[in-house]
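Welcome to this tour! Open your viewer, get ready to select residues by number, and follow along one stop at a time.

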Amino acid sequence: MHLSRAVSAVALVSLFGIGCGEPLPGAEGKATPQVAPELLSQSSALSTAIYNGYPVTVSGGLGSVQTFYLVNPAPAQKLSFTLRGGTGDADVYVKRYAEPTFTDYDCVSDAVGNTENCVYTTGVEDDQPYYVVVYGYEAYSNVTLLAYYSHPLALATTVTPNINQLSRTVYEVDVPAGKKRLQVTATQSSGQSGAFKFYVRQGSAPAVPSAVDCTADSTTLPAVCSIINPVAGKAYVMVEGVGNVTSFNLRVDALTK
């Protein structure tokens, strides 16, 4: 039992519009990790590149430090860094432009377990480097680190994604309570070429290929992916270019039957 740490993630909201989970009233969070400066320097020197929408699996020991960096490939309304799954207890620190330390960061998320979130909601621009430190508050293994940029999508609204081969884009939708089916439909648009796939997941962005609720592709159009009795809250649709795709139509509906 972690008597000294918050039950939910600690948030820092800055001029950049950055947030994590809010701590419960009276929760003080955990003590600042004590890691030798040379260990942090070694970790920064060995930073590993991560890519938008592509999860990586991380494991580490008690007190371990691993550093990753993302160069955001396109402007977006939202950029998220998440940890999910696995065993043990890892925390995440994120900073734009430079490596974070345990006292200098844009966001820290240090919930008990491995459900961690750091989110930028403004100022996500072209080719900005973002750095992530994953810290082992306890030994942990097989934890999924995912960085992705996303766009809001209203229900019953059609968008026309333009994606390149191997690129991924995430759309977020709000699912109301009491719906019987969440349906994602892709249809051909004028002048469409190239192949694509899309993945749907409730609660968190899809971490392909393991953490996905349903999937469909452009082999046969319209392509439909449905979730029966969806949970109220966020649902995420990740579109992936199998080939260079000029355009197609994407729509999400929450149906009563």
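Begin with the largest pocket, which holds about 270 Å³ of space. A pocket here is found on a 1 Å grid over the protein atoms alone: it is an open set of points where a 1.4 Å probe fits, with protein on both sides within 12 Å along at least five of seven lines, and lining residues have an atom within 4 Å of a point. The volume is the space filled by probe spheres set on the points, which are joined across faces, edges and corners.

Before you click further, note that this is a predicted model, where local features need pLDDT of at least 70, side-chain atom pairs count only at pLDDT 80 or more, and totals for chains, interfaces and linings use all residues. Residues are numbered from 1 along each chain as its sequence is written, and side-chain values use heavy atoms, leaving out hydrogens and water.

Stop 1: Which strand supplies the largest share of the lining? Colour S5, which gives 4 residues. Strands (DSSP runs of E, at least two residues, numbered from the N terminus) S5 (78–84), S8 (116–120), S9 (129–152) and S16 (233–241) each supply at least two lining residues.

**Stop 2: Ser204.** Now zoom in on Ser204, in the loop between S13 and strand S14 (214–217). Is Ser204 buried or exposed? Ser204 counts as buried because its relative accessibility is 13%; buried means under 20% relative accessible area, exposed over 50%, and partly exposed in between, using a 1.4 Å probe and protein chains only. Show the side chains of Ser204 and Arg84 to find a polar contact of 3.0 Å. A polar contact is a pair of N or O atoms within 3.5 Å; within protein, one must be able to donate a hydrogen and the other to accept it, and residues adjacent in sequence count only if both atoms are side-chain atoms.

**Stop 3: Tyr199.** Next, select Tyr199 in strand S13 (residues 196–202). Tyr199 is buried too, because its relative accessibility is 8%. The side chains of Tyr199 and Glu240 are joined by a polar contact of 2.7 Å. Setting aside residues up to four places away in sequence, Tyr199 has contacts (heavy atoms within 4.5 Å) with residues including Pro206, Val208, Tyr236 and Met238. To finish, draw a distance between the C-alpha atoms of Tyr199 and Cys225: they are separated by 8.2 Å, though 26 residues apart along the chain.
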